[in-house]
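I set out to look up a few residues and the pocket space in this model. My entries follow the order in which I consulted it.

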Amino acid sequence: MRNLFEKEAVDEVCGCLDKLQPETPRQWGKMDVAQMIAHCSAALDMASGKLNPPRIFIGRVLGPLVKPIYTNEKPFSKSSPTDKRLIISDQRDFARERERLKQCVRQFHEGGEAKCTRHPHPFFGALTTYEWSRGMYKHLDHHLRQFGA
């Protein structure tokens, strides 16, 4: 499984983002394409330490048991649950959100391990920088597949 510390993975993600259009239909879920892109930026803000939500109770209980879902080779399944704080429900400007996400992806890559958060994931708990990088790639891949990119 790729990770966002690899330049090839970053180039792949940015290329897929360039294929999206404001009217690209979702194949599952509730967010439109601009909301999905904003959601992914918020997740990367979490991985880079700009957003540090507290651990949630159910994550403290179940997180260690299901952490392999985040870190293994298998892609996320359709309609996977998400942290309510990362759900985007308001209207977003597609072009602005796409550029912001591409910037977040590049900044995460360029910052490397030194700029990756040491804060625990709100559900899965403590992650290594490599696990954050792999999980963020899997998260982006999941949502790009959601919109056929």
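This is a predicted model: local features need pLDDT of at least 70, side-chain atom pairs count only at pLDDT 80 or more; totals for chains, interfaces and linings use all residues.

Entry on the surroundings of Thr24. I located Thr24 in the loop between helix H1 (7–19) and helix H2 (33–47). A polar atom of the Thr24 side chain lies 2.8 Å from the backbone nitrogen of Gln21. Leaving aside residues up to four places away in sequence, I found that Thr24 touches Val33 and Phe147.

Entry on the largest pocket. I recorded about 990 Å³ of space in the largest pocket. Its lining comprises 38 residues, and those closest to the pocket centre are Ser79, Ser80, Pro81, Thr82 and Asp83. The elements that contribute two or more residues to this lining are H2, helix H3 (57–71) and helix H5 (129–146). H5 gives the most, with six residues. Sorted by class, the lining holds 20 nonpolar, 14 polar and four charged residues.

Entry on Arg134. I then turned to Arg134, which is placed in helix H5. Its relative accessible area is 10%, so Arg134 is buried. I found a polar atom of the Arg134 side chain 2.6 Å from the backbone oxygen of Thr71. With residues up to four places away in sequence not counted, Arg134 touches Met1, Arg2, Asn3, Thr71, Asn72 and Glu73.

Terms used
Residues are numbered from 1 along each chain as its sequence is written. Side-chain values use heavy atoms; hydrogens and water are left out. Helices (H or I, at least four residues) and strands (E, at least two) are DSSP runs, numbered from the N terminus. A polar contact is a pair of N or O atoms within 3.5 Å; within protein, one must be able to donate a hydrogen and the other to accept it, and residues adjacent in sequence count only if both atoms are side-chain atoms. Contact means heavy atoms within 4.5 Å. On a 1 Å grid over the protein atoms alone, a cavity is a set of points where a 1.4 Å probe fits but cannot get out, and a pocket is an open set with protein on both sides within 12 Å along at least five of seven lines; lining residues have an atom within 4 Å of a point. Grid points are joined across faces, edges and corners, and a volume is the space filled by probe spheres set on the points. Ala, Val, Leu, Ile, Met, Phe, Trp, Tyr, Cys and Pro count as nonpolar, Asp, Glu, Lys and Arg as charged, and the others, Gly among them, as polar. Buried means under 20% relative accessible area, exposed over 50%, partly exposed in between (1.4 Å probe, protein chains only).
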